[in-house]
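Reader: Hello! I am new to this structure and would like to learn how to read it. Could we go through it together?

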Amino acid sequence: TVDGRAFHAGATIAADAWVPSALALHWSPEFLDDNDPDPDDLASIAATLLADESFLASFDTPIDTEYAVVAPTSIAIGSVTLDIVPGDGVLLMDASLTGLALEAEVEGKGIATILSGPATIKYATLDAHLALELSAENGKAWASASDITVLGTGFELESESLDELSPSLQTAVKNVVEDLLTEQLGQIVSNTVADALPRLLEGLAYSQSFGEAAPIQIELQLESASVAEHGVNLGLRGRVTAVTAQVADPPGSLTTPAGVPTGAFSKSPIALAVDDDLLNQAAAALWVAGIAKEKVLEGDGLSVLDPSALPPVFQPIARIRLNLLLPPTVGPRTPVTPPEGQEPSPLDTLPFEIAVGELGLTIETGNDRQFACALNARAGLGFAVSPDGLVHATIDGRPRFVEVAVGCPSVPSAYDPGSVAALWRVGLPSLLVTATKDFAAPFPGIPLGAFVSSPALANAEIALQDPVLSAAGDEGRALLIEGRPLYRQKPPVEETTGK
């Protein structure tokens, strides 16, 4: 700020542009497989899927082998266990199915026409091992399986056609069918996992609008995927735009060279890092949407700023006119050290700071006085996720830790502009706290129903339990969100979300 005036300096990104590498998501080995049957890790989710009757009913595509075409009419699995271990560039998976029963219509080929008709195929156990390689680009994910090995035990084949053969021929036919089907069923298991996992990753795509006074649209799209021994790294691009622009030709938002962390940037089961470019685009989008553009507060609307907390010189307040001429910006905060002998405050650890520039504020009193000022402020900023899944902002409103610059070009003749500005320097910190206390943005979970059609998972999601938010990345410019997975049913969808 210069003499109470503010300006933006630095590179910008267009208001409607996608922010590349806006988010980095890390899934640790614990989230991939925590050796617990609860569906709060990828292994348990996939196992739940493979054992779901409605999901298994979808496997009605005929299995074409060298000797016969087997068209499933019913598949049942007693139980499923799945182990997932991250390796060097691949996910190593071991699936074990017990009590597998397959009913099918068989159409034999050549000499195998003797098997044509209904048949029941059973395995006591069917074990499959495979390595899965992940990749993603432009919102699309792929998984390719390799090193597939399958072992079945307790094979049984029941068929009226088979009963007509001699015992020795029955044994020979059973051995051939077992070898062929074991390989094909192992391929089905690997194809199922290789198809479901990319859909899970693509299900991370997110598009939702929220807000009433200044609605904005948040969009996320998968950009990259890789596997290492420390877990899975996913990259997403993001975009936050105003649903209805209230600012013509918006200037765009600030961008910095600093990016999100990569590799094993967290030891938590799930970690998400948000680039400051996306945070600044969100702040700019709120500004473009008119969060404080030529707003007039009067009557009950004054409660948004709690006018009773303002100095007596401005009382009684009839109306307040607001006009924010620059979008707010978010950046890393200089560490705060409490005075000697004073206990540290939780506000000392807020990792970011928000700068509010060129806030035109005019107060009109009930006795026809008018105070017009331009205010600029910089204060500590932090975020937290509430139990209802909303991200809330916290402002450090302690006057000693808020930088304020104020100019008052128009005040009643009986008042000194400098003295009025001094009052604002004292009152602005509490005004910032009041103005942001109702901010809330939805924090999405992983929608399990988005990647598979299964009643068992249709309304379920993986959310973060007791997430911890902090700064990370180059210069501490990324917002890091870490937590443990929590399996839950999604809350009811309301027509309007956010505030």
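Author: Gladly! Helices and strands here are DSSP runs, numbered from the N terminus. The model is a predicted one. Let us begin with Ala377, which sits in strand E19, residues 370–385.

Reader: Is Ala377 buried or exposed?

Author: Buried means under 20% relative accessible area. Ala377 has a relative accessible area of 8%, so this residue is buried.

Reader: Which residues is Ala377 in contact with, leaving aside its neighbours within four places in sequence?

Author: The contacts of Ala377 include Ile354, Ala355 and Val356, and also Val402, Glu403 and Val404. Leu428 and Leu432 are in contact with Ala377 too. Pro37, by comparison, is 340 residues from Ala377 in sequence and 51 Å from it in space, C-alpha to C-alpha.

Reader: How do I read a sheet?

Author: Strands of a sheet pair through backbone hydrogen bonds, either parallel or antiparallel.

Reader: How many bridges join strand E11 to strand E12?

Author: There are 12 between E11 (residues 216–228) and E12 (residues 231–242). For example, Ser224 has Gly235 in E12 as its bridge partner.

Reader: What is the average pLDDT of the chain?

Author: The average is 86, and 95% of the residues score at least 70. Over residues 494–499, though, the pLDDT is below 50. Where pLDDT is low, the predicted coordinates should not be read in detail.

Conventions
Residues numbered from 1 in each chain as written. Predicted model: local features only at pLDDT ≥ 70, side-chain atom pairs only at ≥ 80, totals over all residues. Heavy atoms only, no water. Helix = DSSP H or I, 4+ residues; strand = E, 2+ residues; numbered from the N terminus. Buried < 20%, exposed > 50% of the residue type's maximum accessible area, 1.4 Å probe, protein only. Contact = heavy atoms within 4.5 Å. pLDDT = per-residue confidence, 0-100. Pairing = 2+ DSSP bridges.
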